[in-house]
Amino acid sequence: MTLQTSDFDFYLPEELIAQTPLKDRASSKLLILDKETGDIKDKHFEDIIDELNEGDALVMNNTRVLPARLHGEKPDTGGHLEVLLLNNTEGDTWETLIKPAKRAKVGTNISFGDGRLTAVVKEELEHGGRIIEFSYEGIFIENLEALGEMPLPPYIKEKLDDQERYQTVYAKENGSAAAPTAGLHFTKELLEKIEAKGVKLVYLTLHVGLGTFRPVSVEDLESHHMHSEFYSLSEESAASLREIKAQGGRIVAVGTTSIRTLETIGTKFNGEIQADSGWTDIFIKPGYEFKLVDAFSTNFHLPMSTLVMLVSAFAGREEVLHAYNHAVKEEYRFFSFGDAMFVK
């Protein structure tokens, strides 16, 4: 049977979409799904430590979200343009989304913060995409932090008081247009307890693109093409994971971005774990055989999204939709600032 996009639909009341983060990161609810039995348990996120065993590896994405939304103007007309940075293609050149795109033709100059940062449009892409090249004095990231805003997902309407609340506590490598939200639940204290239990903390990097939020626009899944995102796994992290696997420990991924990085590497190297970096557009859907990941935590995702498809590939579509319906009934909070599930 060929699965369709609509096979991953479920009822989600709008009031369950979390608009603001909880004060205490680890106080979120945690739904535990056993993929072998279909059993569901309702816990709190700090109970995740009970699901981790001595000798496991907990793999986290240490990307840091850029304040990637910029408000600029065209110096010649004073017209306002909103620019969202997606990928740093090379040097000071970026792939961006610009609104309104029709005002940003090739050759258009844009000024940000009274000229502290300027840019020129180099190339037009589809869907409002533009390649632009920046000019500035000093350090680019410092200019960006002074002028940019955190690019919250489109379904979050509330203003975020503390920008750091949309970063994981271990965020390090600048480059994401969105947070790897499964990691938002961890506190430094909880990670210390997990490490003290004998679980190895391992980091990789995948810079999350805005394609994460782009809905699947085709009914036939075979026709859907994933966006590309940059990933990197260091030799130190690869060696740690090889050692964990050799000793019989599990690789437990935090979030779909960590899963996609690990499975990209597992697919590329026939199930072996090697240091690697590059661009991935892997689309994990039912029928996919997992190479490296043994269990994972993740947030609750949009109906008919590629992320629900990924979770279903691991745990079964019917089991996942049953768990999601349970989460709706129990009023779990959904999406970026919502609650979490642990799938094993």
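Modeller: Buried area is the accessible area, taken with a 1.4 Å probe, that two parts lose on being put together, summed over both. Between domain 1 and domain 2 about 560 Å² is buried, and carbon and sulfur atoms give 59% of this area. The model is predicted, so to speak of a local feature requires pLDDT of at least 70, side-chain atom pairs count only at pLDDT 80 or more, and totals for chains, interfaces and linings use all residues. Residues are numbered from 1 along each chain as its sequence is written, and side-chain values use heavy atoms, with hydrogens and water left out.

Domain 1 covers 5–65 + 162–343 and domain 2 covers 69–149, with bounds from an automatic or database domain assignment. Their centres, taken over C-alpha atoms, are 31 Å apart. Six residues from domain 1 and five residues from domain 2 take part in the contact, where contact means heavy atoms within 4.5 Å. Across this interface there are zero salt bridges, a salt bridge being a side-chain nitrogen of Lys or Arg within 4 Å of a carboxyl oxygen of Asp or Glu.

Asn62 can now be considered. Asn62 lies in the loop between strand E3 (57–61) and strand E4 (63–65); strands are DSSP runs of at least two residues, numbered from the N terminus. Asn62 counts as buried because its relative accessibility is 9%, the limit being under 20% relative accessible area with a 1.4 Å probe, protein chains only. Leaving aside residues up to four places away in sequence, Asn62 touches several residues, including Tyr170 and Thr205. The C-alpha atoms of Asn62 and Tyr170 are separated by 5.9 Å, although these residues are 108 residues apart along the chain.

Definitions and conventions: Helices (H or I, at least four residues) and strands (E, at least two) are DSSP runs, numbered from the N terminus. Buried means under 20% relative accessible area, exposed over 50%, partly exposed in between (1.4 Å probe, protein chains only).
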